[in-house]
Amino acid sequence: VSALCKEGLLPDALRVLNLSKCGISEEGTKSLSRVRLPLLEELNLSGNEIGRAGVECLVRSKLPRSLKRLDLRGCDIGHRGAELLVEHAKSFASLEFLFLRGNGIRFHSEIGDLWLAFPGTKFPGLEEERFRHPYGCNPDSDPDFYDKCRAWEEAHEKEEEAFNKARNLRKMKMKEEVEKKRYDLMVFVLSTCFLLMLCWILPYIGPLVFPPIWQNLMKVSSKMLELSQFISMMQ
């Protein structure tokens with residue numbers, strides 16, 4: 001695209017320009033925005049990840065007011081790109097069809113703003129997918145449509161917030177359980193090590209620390225040993 005624009009290979013009389021899935025990025029959109037195509041009526045940029053920056057180049061470009069079809073399907077423009085289109089809607093006074101499906105435009109209020117900014121424009125795919133859900137009505141036939149959309153969006157945000165709180169609470173409880181199990185395991189390991197150490201050093205420190213008790217224990221153990229030997233001899 002950059003080469004086409006620099007070499008001047010795009011004629012002034014061009015009416016339809018299809019650049020679908022050509023790997024155009026932000027730089028390509030910048031090059032295209034500098035070209036004067038006064039008679040252009042259809043521009044197809046679908047399947048090119050131009051993003052929000054690419055939309056900004058388009059709305060500030062020299063695209064003619066005679067443009068009737070603009071295809072931005074799957075261009076990853078997101079809700080920021082949609083906001084730019086709304087802000088510069090006057091630059092597309094003759095636009096009849098605006099294709100925006102597959103761009104992550106999710107909220108009803110965003111699509112409602114597009115509808116208001118482009119009153120004479122159709123949004124193929126996008127309007128069937130979003131505008132008729134969840135009310136099953138048409139904006140033209142329901143004067144409270146946009147208020148309902150915003151109310152639905154607020155309710156949806158509250159539900160999402162409640163869900164996130166419940167999920168975070170569950171994560172905290174799971175983390176506490178894991179920490180408790182880890183603590184119990186550490187106590188068990190340290191207790192076992194202490195007992196093993198005690199069994200190993202007790203014969204050495206016992207006579208020094210507890211002489212009378214140790215002597216009695218040794219006498220009892222010797223008596224038990226003699227008794228066991230006597231019983232074995234009797235058998």
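In helix H3, the buried residues are Gly 51, Gly 54, Val 55, Cys 57, Leu 58 and Val 59, where buried means under 20% relative accessible area, exposed over 50% and partly exposed in between, with a 1.4 Å probe and protein chains only. Helices (H or I, at least four residues) and strands (E, at least two) are DSSP runs numbered from the N terminus. The model is a predicted one, in which local features need pLDDT of at least 70 and side-chain atom pairs count only at pLDDT 80 or more, while totals for chains, interfaces and linings use all residues. Residues are numbered from 1 along each chain as its sequence is written, and side-chain values use heavy atoms, with hydrogens and water left out.

## Helix H3 and its surroundings

The buried residues of H3 pack against H2, strand E2 (42-44) and H4, contact being defined as heavy atoms within 4.5 Å. The packing of helix H2 (residues 26-33) with H3 has an angle of about 5 degrees and an axis separation of 9 Å. The axes are lines fitted to C-alpha atoms, for helices over the stretch in contact, and angles run from 0 to 180 degrees between N-to-C directions. H2 and H3 are therefore roughly parallel to each other; angles under 35 degrees count as roughly parallel, over 145 as roughly antiparallel, 65 to 115 as roughly perpendicular and the rest as oblique. On the H2 side the contact is made by Glu 26, Thr 29, Lys 30 and Ser 33, and on the H3 side by Ala 53, Gly 54, Cys 57 and Leu 58. An α-helix has 3.6 residues a turn, so residues three or four places apart point the same way.

Cys 57 lies in helix H3 and is buried, with a relative accessible area of 14%. Leaving aside residues up to four places away in sequence, Cys 57 touches Thr 29, Lys 30 and Ser 33. The C-alpha atoms of Cys 57 and Lys 30 are 5.8 Å apart, although 27 residues separate them in sequence.

Beyond the helix, Ser 61 is placed in the loop between H3 and E3 and is buried at a relative accessible area of 16%. A polar atom of the Ser 61 side chain lies 2.6 Å from the backbone oxygen of Leu 58. A polar contact is a pair of N or O atoms within 3.5 Å; within protein, one must be able to donate a hydrogen and the other to accept it, and residues adjacent in sequence count only if both atoms are side-chain atoms.

## Aromatic residues

The structure holds 3 aromatic pairs. Rings of Phe, Tyr and Trp (its six-membered ring) pair if their centres lie within 6.5 Å, and planes under 30 degrees apart count as stacked, over 60 as edge-to-face and the rest as tilted. Two of the pairs are tabulated below.

| Pair | Centre to centre | Angle between planes | Class |
|---|---|---|---|
| Phe 92 and Phe 118 | 6.5 Å | 50 degrees | tilted |
| Phe 97 and Phe 99 | 6.4 Å | 20 degrees | stacked |

Phe 92 is buried at 6% relative accessibility, and Phe 118 is buried at 2%. Together with Phe 123, Phe 92 and Phe 118 form one aromatic cluster.

Arg 69 lies over the face of Phe 97, 4.9 Å from the ring centre; a charge sits over a ring if NZ of Lys or CZ of Arg is within 6 Å of the ring centre and within 35 degrees of the ring normal.

Phe 97 is also among the residues touched by Lys 68, which include Glu 41, Ser 94, Leu 95 and Glu 96, not counting residues up to four places away in sequence. Lys 68 is in the loop between helix H3 (51-59) and strand E3 (69-71) and is partly exposed, with a relative accessible area of 32%. Its C-alpha atom is 8.7 Å from that of Ala 93, 25 residues away along the chain.

## Positive phi values

Lys 21, in the loop between strand E1 (16-18) and H2, has a phi near 55 degrees, a positive value in a residue other than glycine. Lys 21 counts as exposed at 70% relative accessibility. Asp 76, in the loop between E3 and H4, likewise has a positive phi near 55 degrees and is exposed, with a relative accessible area of 52%.
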